[in-house]
Amino acid sequence: MTETIAVLFIFFILILFGIIFYAKYQQVAFKDKQEELLAARAMDSTLKTLFLPELICSKGEAEPEDNCFDLMKLKYANETFGKHMDDYYFNIFSYARISITETYPNSDNKWVIYDKEKVKEDGNGTLVPNWDRREPTYFIVTIRDENNEQGQPEYRLGYLTVEAYS
Amino acid sequence: MAFKKNKTKKGQIQVTFNWFYVLIAGGVILLFFFGIVMKQQKVSEENLAYDVVRIMESIFTGAGVSEKTKNFIDTSGLVDYTLYFNCDESVSEFGIRDKGSPAQNVVDPIFSPREIKTTQLILWSLPYKLPFKVIDLMFVTSWNTKYFVLGNNAFAEEFLNSTTGLNVIPIPDLNSVDPQKNFQIRIIDLTGSVQEGLPVPDKTTLMDDDKVTAISFIGTHSAQYFQKEGNSWRKAGDKIAIISLGGERDAAKYAAIFSQDSNIYQCNMMKVFKRFNFLLEIYEQKLKEIELYYVESPEKTLTKDCLGYIQAGQYEPNLQQALTLLKGNAKACSILFDHCADLIEASAKLKEANTNLGSKGDCLTLY
């Protein structure tokens with residue numbers, strides 16, 4: 001009888017070890033998957049932003065210019081994105097912050113076109129950030145400025161930053 | 001001796017009991033692992049459905065931005081599963097039939113058959129312009145979805161040339177339709193030969209009704225879907241309006257060809273018009289800035305009449321009038337698809353005004 005109990009005890013200990021090991025593995029795998037999904041979402045959002053009709057440089061019926069944002073559209077895009085964030089643009093970008101920073105000739109110009117942070121209410125009713133990770137992705141772009149003294153399109157250099165919140 | 005006998009009997013009972021106990025315990029353990037295997041099988045099927053949907057979403061994103069490029073996706077691992085696509089109230093759904101939860105999409109317009117069972121998925125996108133680019137229309141089909149082009153006009157030639165790599169062939173008449181071993185067929189009728197009540201091609205009579213469909217183009221801006229019912233054609237939904245400015249690679253017309261029926265077409269086009277309204281808001285602001293630019297710098301308009309093409313009153317059409325008209329029509333269109341036909345004329349005016357601004361006035365253009 002004692003032998004049987006001992007065997008059973010060891011058997012259940014082994015089962016317990018197995019369960020603990022499997023749970024730990026699942027936890028790690030889940031975290032890895034989340035990170036992978038976050039990175040994929042950041043890349044997808046960058047790709048979508050680069051080809052947004054709301055921002056791209058077009059010229060009549062010609063093909064739009066690659067990796068180029070029209071400054072006149074850029075200035076007003078955040079207004080439209082903000083107005084329709086919950087009912088439309090959230091479905092494109094989810095929780096993210098998208099900005100375009102000019103680096104040349106002026107390095108102090110920055111346009112935040114979309115900003116939706118994951119937040120929660122704390123005990124006092126104040127909204128506090130509710131995300132663990134932020135995955136930033138960068139992409140070099142040109143910014144076309146047609147509204148200038150020369151009366152000719154002027155191209156500036158900048159970069160697009162897409163920060164996806166987990 | 002008697003004592004010895006008793007001892008042996010007791011020993012025998014003990015041994016029998018152990019074997020019985022081991023049998024039950026073994027059975028329970030076996031059941032336990034069998035349960036785990038069954039559960040795991042169900043979980044992996046759910047995971048497969050989830051992975052497929054997620055990968056499809058990613059592929060759609062990539063294909064959506066690589067416009068005009070056809071993407072051939074190997075789906076031989078999914079040959080036993082049926083992919084399904086649907087759209088209802090401006091929400092698209094796609095996934096594996098009867099497995100897992102489908103993905104929902106309220107942004108990207110996806111035009112496709114309702115069901116696809118294939119080893120190779122084909123994705124293609126074309127930019128939709130009205131007159132400026134609104135969004136990329138995504139077409140989803142497969143190598144075993146066969147398209148028959150009936151008619152011999154400029155559009156037929158253009159369609160055949162632009163769909164290289166797809167399963168598309170021209171046919172001289174309806175009786176030449178041979179579905180072979182394709183999963184489904186679509187007849188693109190440019191002659192008006194497909195009509196309600198008329199018999200379906202002989203070789204299609206044994207196919208499932210929903211796998212034999214046709215689209216018949218009426219004029220340049222409308223079309224009617226048909227579906228096989230028994231041995232004859234029946235109308236599938238109402239006549240649809242094709243909202244486009246025409247020209248080569250007319251995305252709206254191509255979208256109609258790749259859509260299963262009028263519901264999927266209209267549902268996805270409503271997504272397009274929703275986005276169109278948002279774009280108009282940005283273009284309205286841009287127009288104000290262009291106008292201000294010329295008002296504040298009159299020296300820039302000494303040799304050219306930019307403001308005449310921008311402001312209302314001098315030239316017809318002009319950007320302000322055309323954009324206001326388009327905005328009004330777009331608002332009506334976002335409520336009811338039947339109102340969308342008015343967008344064609346308004347966007348043609350905007351296109352003309354913008355072209356005039358660029359070519360005659362040599363000024364900044366709206367798009």
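Chain B contains an open sheet of four strands, ordered 4-3-2-6 and paired in the antiparallel sense. The edges of this sheet are taken by strand 4 (99–105) and strand 6 (115–116) of chain B. Each edge strand has a single partner, so one side of each is left without a neighbour in the sheet. The model is predicted. Strand 6 of chain B pairs with strand 2 (residues 83–88) of chain B. The pairing is antiparallel and runs over two bridges. Within it, Tyr84(B) stands opposite Glu115(B) of strand 6 of chain B. In general, strands of a sheet pair through backbone hydrogen bonds, in either a parallel or an antiparallel manner.

Chain A was examined next. Three helices and eight strands make up its elements. From the N terminus, their order is α-β-β-α-α-β-β-β-β-β-β. The radius of gyration of chain A is 25 Å. A compact globule of 166 residues would have a value near 15 Å. Along the principal axes, the C-alpha atoms of chain A fill a box of roughly 100 × 40 × 30 Å. Buried residues account for 23% of the 166 residues of chain A. Contacts in chain A between residues at least 6 apart in sequence were also computed. Of these, 58% join residues at least 24 apart.

The two chains touch. Chain A gives 22 residues to the contact, and chain B gives 25 residues. On the side of chain A, the elements that give two or more residues are helix 1 (2–50), helix 2 (71–83) and helix 3 (85–93) of chain A. Helix 2 of chain A supplies the largest share, with five residues. By class, the side of chain A that touches chain B has 10 nonpolar, seven polar and five charged residues.

Chain B is divided into two parts, domain 1 (49–261) and domain 2 (268–359). Their C-alpha centres lie 32 Å apart. The contact between them takes 18 residues from domain 1 of chain B and 19 residues from domain 2 of chain B. On the domain 1 side, strand 5 (110–111) and strand 8 (133–142) of chain B are the elements that give two or more residues. This side of domain 1 of chain B has 15 nonpolar and three polar residues. No charged residues are found on the side of domain 1 of chain B that touches domain 2 of chain B.

How values were computed:
Residues numbered from 1 in each chain as written. Chains lettered and ligands numbered in written order. Predicted model: local features only at pLDDT ≥ 70, side-chain atom pairs only at ≥ 80, totals over all residues. Pairing = 2+ DSSP bridges. Rg over C-alpha atoms; globule rule 2.2 N^0.38 Å. Buried ≥ 20, exposed ≤ 12 C-beta atoms within 10 Å, placed from the backbone. Contact = placed C-beta atoms within 7 Å. Nonpolar A, V, L, I, M, F, W, Y, C, P; charged D, E, K, R; others polar. Domains from an automatic or database assignment.
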